[in-house]
Amino acid sequence: MKQMKFLPVWACCLAALTFASCSNDDDSSRSLTKEEIAQCLKAVKGNYSGHLIYAAKNENNPKDVTDTVAVEWSITNDSTLTIASFPTKLLAENVTDEELKKALAEADDQPLACRIGFINTTPIQFIVNPKTPAYDLNYGGKDHKVQVPFYINSYNSYGSFNATKNVLQMQIVEAGVHVDGQQTTFLKTSVPFVFVSTDKQ
């Protein structure tokens with residue numbers, strides 16, 4: 001199976017959060033059976049609390065390149081994962097249009113629904129496809145519909161569950177900004193967000 005890995009920006013700052021890669025390249029084209037998917041779901045289903053880790057500059061310590069915020073998420077079935085309240089200000093952080101950035105940063109947080117698909121059983125791994133959040137914003141004297149899509153069907157947007165430690169880790173990647181149905185260049189680089197659970201119920 002194709003190896004899954006963090007984007008390069010996380011290589012140094014998140015070295016401790018190593019995701020296990022699939023061990024058998026010969027299985028890359030094999031889909032999981034219904035029984036295997038049920039086995040994966042049984043292991044990961046539940047409510048999680050933990051940390052969202054994101055890139056952040058610390059002017060007082062150049063070696064400190066990340067920050068964290070507490071988050072909760074749940075896996076309810078073999079195709080649905082929901083982040084309870086994704087911090088909208090983090091989506092705005094790398095937007096280059098200042099008026100849009102300010103308006104988006106002030107928007108209410110909202111749940112982020114994701115479609116998931118199990119792709120490996122040992123370790124349990126799954127692709128994460130976030131649905132595109134949308135915001136009705138007013139800036140520049142006009143109302144705008146702003147959408148912030150994430151990468152989907154990507155090996156950089158995935159999760160992994162460590163059954164021994166009962167810890168789930170996942171990563172999703174902000175891909176761009178659309179305004180009034182049009183793609184913009186207001187996001188100059190993709191932005192990864194890493195989640196690490198500290199508790200599962």
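**Close-up views of a predicted model**

**View 1. Strands β5 and β8 pair in this predicted model.** Strand β5 and strand β8 run antiparallel and are joined by four bridges. Within this pairing, Ile-127 has Tyr-158 of β8 as its bridge partner. Tyr-158 belongs to strand β8, which spans residues 158-162. Because its relative accessibility is 0%, Tyr-158 counts as buried. The C-alpha atoms of Tyr-158 and Ile-116 lie 8.4 Å apart, although the two residues are separated by 42 residues in sequence.

**View 2. Strand β5 is covered on both faces.** Strand β5 comprises residues 124-130, and seven of its seven residues are buried. One side presents Ile-124, Phe-126, Val-128 and Pro-130, while the other presents Gln-125, Ile-127 and Asn-129; all of these are buried.

**View 3. A hairpin connects β4 and β5.** Strand β4 (residues 110-121) pairs with β5 in the antiparallel sense over seven bridges. Asn-120 stands opposite Gln-125 in β5, and Gln-125 is itself buried.

**View 4. Strand β1 pairs with β2 and with β12.** The antiparallel pairing of β1 (residues 46-55) with β2 (residues 66-77) extends over 10 bridges. In this pairing, Tyr-48 is placed opposite Trp-73 of β2. Strand β1 also pairs with β12 (residues 191-200), again in the antiparallel sense, over six bridges. Here the bridge partner of Ile-53 is Val-194 in β12.

**View 5. Four strands form an open antiparallel sheet.** The order of the strands is β6-β7-β10-β11. Strands β6 (134-139) and β11 (182-183) stand at the edges with a single partner strand each, so one side of each has no neighbour in the sheet. Strand β10 (residues 178-179) is joined to β11 by two bridges, and these strands run antiparallel. His-178 has Gln-183 of β11 as its bridge partner. Helix α3 (residues 98-105) lies across β6, β7 (142-147) and β10, and runs at about 125° to β6.

**View 6. Residues 1-27 have pLDDT under 50.** For the protein chain, the mean pLDDT is 88, and 86% of the residues reach 70 or more. Over residues 1-27, by contrast, pLDDT stays under 50. The model has 63 contacts beyond four places in sequence for these residues. Where pLDDT is low, predicted coordinates should not be read in detail.

Methods
Residues are numbered from 1 along each chain as its sequence is written. This is a predicted model: local features need pLDDT of at least 70, side-chain atom pairs count only at pLDDT 80 or more; totals for chains, interfaces and linings use all residues. Side-chain values use heavy atoms; hydrogens and water are left out. pLDDT is the predictor's confidence in each residue, from 0 to 100. Contact means heavy atoms within 4.5 Å. Two strands pair if DSSP finds at least two bridges between them. Axes are lines fitted to C-alpha atoms, for helices over the stretch in contact, and angles run from 0 to 180 degrees between N-to-C directions. Buried means under 20% relative accessible area, exposed over 50%, partly exposed in between (1.4 Å probe, protein chains only).
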